[in-house]
Amino acid sequence: MTDSPTLTPELEQLGDALQAATTADLHRRTTATTAAAPARQRRRRRIALGVVAAAILVPGAAVAATQLISNDDVAQSIPAGTLSLLNTHPTCTTITAGVEFDCTLADAPHGELAAGAWKGTVEPTVDASKHVNGGCRSLSADGRHWRCYIGQEAVRQQIVGPQMLGSFSSGPGVG
């Protein structure tokens, strides 16, 4: 015998709503007596199924997004986006699940900017599939503290442009 999984309150409510809609639909089917009733029932059933499907898919997509982007994923995407950030050994902490991360580099960046000139600099991040998945902004002059955003939030924060998000990257960028 296997243990049954623990459901979140939202999934329990969704299950209850689905059961209630199914029970009501079954009851309507068995008590329908007019010629127009079957058409109304089909229309109601389609609407109910659409609402249930949306209730399952929308939170499911949000959960999937947060499950796919971990602190480690973001940390690995920082040096993959910019050559100056290679070998800096970032670590990240979630601020907003799947969207916003606070990242610290163990070693200062090197290369394109003079030491102490990093504050406000923006750089893209590149995921394991070599696509731009967001970007980061340096919060410190030494370039060791960054705020990173994934997806559309990076566009909203004006770190990457909408056409850059999702584009292929053959390797860390320079400049």
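Proline 90 has leucine 105, in strand 2, as its bridge partner. In this predicted model, strand 1 (residues 90-96) and strand 2 (residues 100-105) pair in the antiparallel sense, over 6 bridges. Both belong to an open sheet of 5 strands with the order 1-2-5-4-3.

**Sheet layout**

- Pairing in the 5-stranded open sheet is antiparallel.
- Strand 1 and strand 3 (122-126) are the edge strands; each has a single partner strand, so one side of each lacks a neighbour in the sheet.
- From one strand to the next, the twist averages 30°.
- In general, the strands of a sheet pair through backbone hydrogen bonds.

**Strand 2 and its partners**

- The hairpin of strand 1 and strand 2 has 3 residues between the strands.
- Glycine 98 in this hairpin takes a positive phi near 75°.
- Strand 2 also pairs with strand 5 (residues 145-150), in the antiparallel sense and over 5 bridges.
- Aspartate 102 stands opposite arginine 147 of strand 5.

**Cysteine 92 and helix 3**

- Cysteine 92 has cysteine 103, in strand 2, as its bridge partner.
- Helix 3 packs on the sheet and touches strand 1, strand 2, strand 3, strand 4 (132-138) and strand 5.
- The direction of helix 3 makes about 125° with that of strand 1.
- Beyond its neighbours within four places in sequence, cysteine 92 is in contact with Asn71, Val74, Ala75, Ile78, Phe101, Asp102 and Cys103.

**Nonpolar cores**

- The largest nonpolar core has 14 residues.
- The members that touch the most others are Val74, Ile78, Cys92, Phe101, Cys103, Trp146 and Cys148.
- Helix 3 (71-81), strand 2 and strand 5 each supply at least two residues of this core.
- A second, separate core has 8 residues, including Val126, Val132, Tyr149 and Ile159.

**Aromatic pair**

- The model holds 1 aromatic pair.
- In this pair, the ring centres of tryptophan 118 and tryptophan 146 lie 6.0 Å apart.
- Their planes are at 65°, so the pair counts as edge-to-face, for which the cut-off is over 60 degrees.
- The pair links distant parts of the chain, 28 residues apart.
- Tryptophan 118 sits in the loop between strand 2 and strand 3, whereas tryptophan 146 is in strand 5.
- Both tryptophan 118 and tryptophan 146 are buried.
- Trp146 is also one of the residues that touch the most other members in the largest nonpolar core.

Methods. Residues are numbered from 1 along each chain as its sequence is written. This is a predicted model: local features need pLDDT of at least 70, side-chain atom pairs count only at pLDDT 80 or more; totals for chains, interfaces and linings use all residues. Side-chain values use heavy atoms; hydrogens and water are left out. Two strands pair if DSSP finds at least two bridges between them. Helices (H or I, at least four residues) and strands (E, at least two) are DSSP runs, numbered from the N terminus. A nonpolar core is a set of buried Ala, Val, Leu, Ile, Met, Phe, Trp, Tyr and Cys residues joined through side-chain atoms within 4.5 Å. Buried means under 20% relative accessible area, exposed over 50%, partly exposed in between (1.4 Å probe, protein chains only). Contact means heavy atoms within 4.5 Å. Axes are lines fitted to C-alpha atoms, for helices over the stretch in contact, and angles run from 0 to 180 degrees between N-to-C directions. Rings of Phe, Tyr and Trp (its six-membered ring) pair if their centres lie within 6.5 Å; planes under 30 degrees apart count as stacked, over 60 as edge-to-face and the rest as tilted.
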